[in-house]
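This briefing goes through selected features of one protein model, grouped by topic. Keep the sequence and the 3D view open while reading.

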Amino acid sequence: MRLATFNLLHGRSPHDGLVDENRLAAAVATLDADILALQEVDRDQSRSNHLDLTAIAARAMNAPEHRFAAAVVGTPGERFRPLTHDDDGHGEPLYGIGLVSRYPVRSWQVTRLASAPVRSPVLDPGPGGGIILLRDEPRVVLAAILDTPYGPITAAATHLSFVPGWNLRQLRQVIRALRTLPPPRILLGDLNLPAGLATLVSGWRSLGHRPTYPARQPRVQLDHILADPRDGHPLPAVTAVDAPIATISDHRPLVVDLA
């Protein structure tokens, strides 16, 4: 079983700034994941050619199961509003996360996380540089109970806040929500936290340690695959861990093999 998490940067290449459907599909297909969590996912956004990025990823994986969970209606960094119901924002640009599986899904669960109440200083990576005060976005957790060769597994995708402290609060909320679902439980995503802090606060164990950000010369691991150690249903052993370079995004994907 291969697990992977990938912050897509809405499919944009850092080399030319373009979003190309074929490039995105190739980057996902190369991972050859059985379960893939996606972050910074667009649907019907003009900046990503009005594509459904989760559906493209599912086709590239030959995966029969996928779901997109929007966190906001609109475009982050521009104009957006929180998504209040799953059917809100129909026909409008959406932004959130995705979960793709080659295994059948028994059920899905969506948990919504509030945004930080204040703007937070963030380093602007653009040509001008400098510090800007950025408005945080609501976040979302998308969980699925999967039928796998190892039996039922709960897998969840999320992308936590960049605001220090607030992401720790969100991580605790995520753990509480997932503990209501059947074991074994796996959390995949961009937690915006270094590895040591993510495992300390969650109490879950990391299945793979690799720096994932920034993509060109990664120095810190923001992207994680964590497993609940207290469920009494051990997962197969980890046999390989990788963070391969990709043609898209400012993050590297994190890939973990279990056998």
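**Overview**

Pro-93 is found in the loop between strand 4 and strand 5 (94–101). The structure is a predicted model.

- Pro-93 is partly exposed, with a relative accessible area of 30%.
- Leaving aside neighbours within four places in sequence, Pro-93 is in contact with Arg-43, Asp-44, Gln-45, Val-72, Val-73 and Gly-74.
- In sequence, Pro-93 and Thr-75 are 18 residues apart, and in space their C-alpha atoms are 7.0 Å apart.
- Thr-75 sits in the loop between strand 3 (65–74) and strand 4 (80–82).
- Is Thr-75 buried or exposed? Its relative accessible area is 11%, and buried means under 20%, so Thr-75 counts as buried.
- Not counting residues up to four places away in sequence, Thr-75 touches Gln-45, Arg-47 and Phe-80.
- Gln-45 is therefore one of the residues in contact with Thr-75 and is also among those in contact with Pro-93.
- Thr-75 and Leu-181 are 106 residues apart along the chain, and their C-alpha atoms are separated by 32 Å.

**Helix 1 and helix 2**

- Helix 1 covers residues 21–31 and helix 2 covers residues 53–61.
- These two helices pack at an angle of about 50°, and their axes are 8 Å apart.
- At this angle, helix 1 and helix 2 are oblique to each other.
- The crossing of helix 1 and helix 2 is right-handed.
- On the helix 1 side, the contact is made by Glu-21, Leu-24, Ala-25, Val-28 and Ala-29. On the helix 2 side, it is made by Leu-53, Ile-56, Ala-57, Arg-59, Ala-60 and Met-61.
- Sorted by class, this contact of helix 1 with helix 2 has nine nonpolar, no polar and two charged residues.

**The two sides of helix 1**

- Which residues of helix 1 are buried? They are Leu-24, Ala-27, Val-28 and Leu-31.
- Why do these residues lie on the same side of helix 1? They cover an arc of only 95° around the axis, which puts them on the same side.
- An α-helix has 3.6 residues a turn, so residues three or four places apart point the same way.
- The cover over the buried residues of helix 1 includes strand 1 (2–7), strand 2 (35–43), helix 2 and strand 15 (254–258).
- Asn-22 and Thr-30 are exposed residues on the face of helix 1 turned away from its buried side.
- Thr-30 has a relative accessible area of 65%; exposed means over 50%, so Thr-30 counts as exposed.
- Thr-30 and Ala-246 are 216 residues apart in sequence, but 8.9 Å apart in space, C-alpha to C-alpha.

**Helix 3 and helix 4**

- The axes of helix 3 and helix 4 (residues 195–202) come within 9 Å and cross at roughly 50°.
- Helix 3 and helix 4 are thus oblique to each other, and their crossing is right-handed.
- Leu-168, Leu-171, Arg-172 and Ile-175 of helix 3 meet Leu-197, Ala-198, Val-201 and Ser-202 of helix 4.
- By class, the contact of helix 3 with helix 4 has six nonpolar residues, one polar and one charged.

**Cis peptide bonds**

- Pro-183 and Pro-184 are joined by a cis peptide bond, with omega about -10°.
- Pro-184 is in the loop between helix 3 (166–178) and strand 11 (185–190).
- Tyr-213 is linked to Pro-214 by a cis peptide bond, with omega near -10°.
- Pro-214 belongs to the loop between strand 12 (205–206) and strand 13 (223–227).

- Glu-40 is a residue other than glycine with a positive phi, near 55°.
- Glu-40 is found in strand 2 and is buried, with a relative accessible area of 16%.
- His-50 is also a residue other than glycine, and its phi is positive, near 60°.
- The place of His-50 is in the loop between strand 2 and helix 2.

Key:
Residues numbered from 1 in each chain as written. Predicted model: local features only at pLDDT ≥ 70, side-chain atom pairs only at ≥ 80, totals over all residues. Heavy atoms only, no water. Axes fitted to C-alpha atoms, helices over the stretch in contact; angles between N-to-C directions. Helix = DSSP H or I, 4+ residues; strand = E, 2+ residues; numbered from the N terminus. Parallel < 35°, antiparallel > 145°, perpendicular 65-115°, else oblique. Left-handed = near helix turned anticlockwise from the far one by under 90°. Contact = heavy atoms within 4.5 Å. Nonpolar A, V, L, I, M, F, W, Y, C, P; charged D, E, K, R; others polar. Buried < 20%, exposed > 50% of the residue type's maximum accessible area, 1.4 Å probe, protein only. Arc of directions from axis to C-beta.
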